[in-house]
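The following exercises concern a single protein model. Each task is followed by a solution in steps.

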Amino acid sequence: MPRSPGLTTVTAVYDALVLAGGAARRLGGVDKPQLEVDGATLLDRAVAAAGDAGTVIVVGPRQPVAAAVTWCREDPPGGGPVAAVAAGLQHTSADVVLVLAADLPWIAPAVPALVAALADADVALLVDPSGRVNYLAAAWQRPAIVAAIAEVGRVQGAAMGSVVARARRPALVPDTGGWGRDCDTWDDLTRARNRDTSEGAP
């Protein structure tokens, strides 16, 4: 995959999907999107990161959120990220779709670079210094993600990597600030809460 240049500003019109319906098994099943980092819930931070979107769709159970969003659920609930994206896409209309997990408290600075990287790609994905690609920190050309999900077929239980693998022109956006670090465990959450500005936190 080609690597994109560094951070820039958002110029494209986009809609955003925030996936907030996971089971949080490694956190004992707590309501993960409502956990707080730096005075705001994980969900509020993810929604705020997509603040330039025309529409923000939260895929998951209705819950407190500070901004105006559109709600939807995958059918049946708990069908996994591909099922959630497929459900959310029905509420989008922009040519560009941002896809974010709801547990990325520091993702905001990466959003402009992900959207900008689509100038030469069908999908742009955040990649950390170790080479780990985050499939749920991505921007897509809408026709590309619709076609990729159609090729996958059965969305319930499908892996997001199977959708990305069908993208014809992927690009990687280097995560130089730890923006894609998620909160899957209590240790992850503690690290997020203890993060300081020297690590690139906004």
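A residue counts as buried under 20% relative accessible area, as exposed over 50%, and as partly exposed in between (1.4 Å probe, protein chains only). The model is predicted: local features need pLDDT of at least 70, side-chain atom pairs count only at pLDDT 80 or more, and totals for chains, interfaces and linings use all residues. Residues are numbered from 1 along each chain as its sequence is written, and side-chain values use heavy atoms, with hydrogens and water left out.

**Exercise 1.** Determine whether Asp38 is buried or exposed, and describe its backbone.

*Solution.* Step 1: locate the residue. Asp38 lies in the loop between strand E2 (36–37) and strand E3 (40–41); helices (H or I, at least four residues) and strands (E, at least two) are DSSP runs, numbered from the N terminus. Step 2: apply the cut-off. The relative accessibility of Asp38 is 59%, so the residue counts as exposed. Step 3: inspect phi. Asp38 is not a glycine, yet its phi is positive, about 55°. Most residues other than glycine have a negative phi, and most peptide bonds are trans.

**Exercise 2.** State which peptide bond is cis, and where its proline is placed.

*Solution.* Step 1: the bond from Asp75 to Pro76 is cis, with omega near 0°. Step 2: Pro76 is found in the loop between E5 and H2.

**Exercise 3.** Describe how H2 and H4 cross, and which residues make the contact.

*Solution.* Step 1: the axes of H2 (residues 81–89) and H4 (residues 142–152) come within 11 Å and cross at roughly 130°. Axes are lines fitted to C-alpha atoms, for helices over the stretch in contact, and angles run from 0 to 180 degrees between N-to-C directions. Step 2: angles under 35 degrees count as roughly parallel, over 145 as roughly antiparallel, 65 to 115 as roughly perpendicular and the rest as oblique; H2 and H4 are therefore oblique to each other. Step 3: Val82, Val85, Ala86 and Leu89 of H2 meet Arg142, Ile145, Val146 and Ile149 of H4, where contact means heavy atoms within 4.5 Å.
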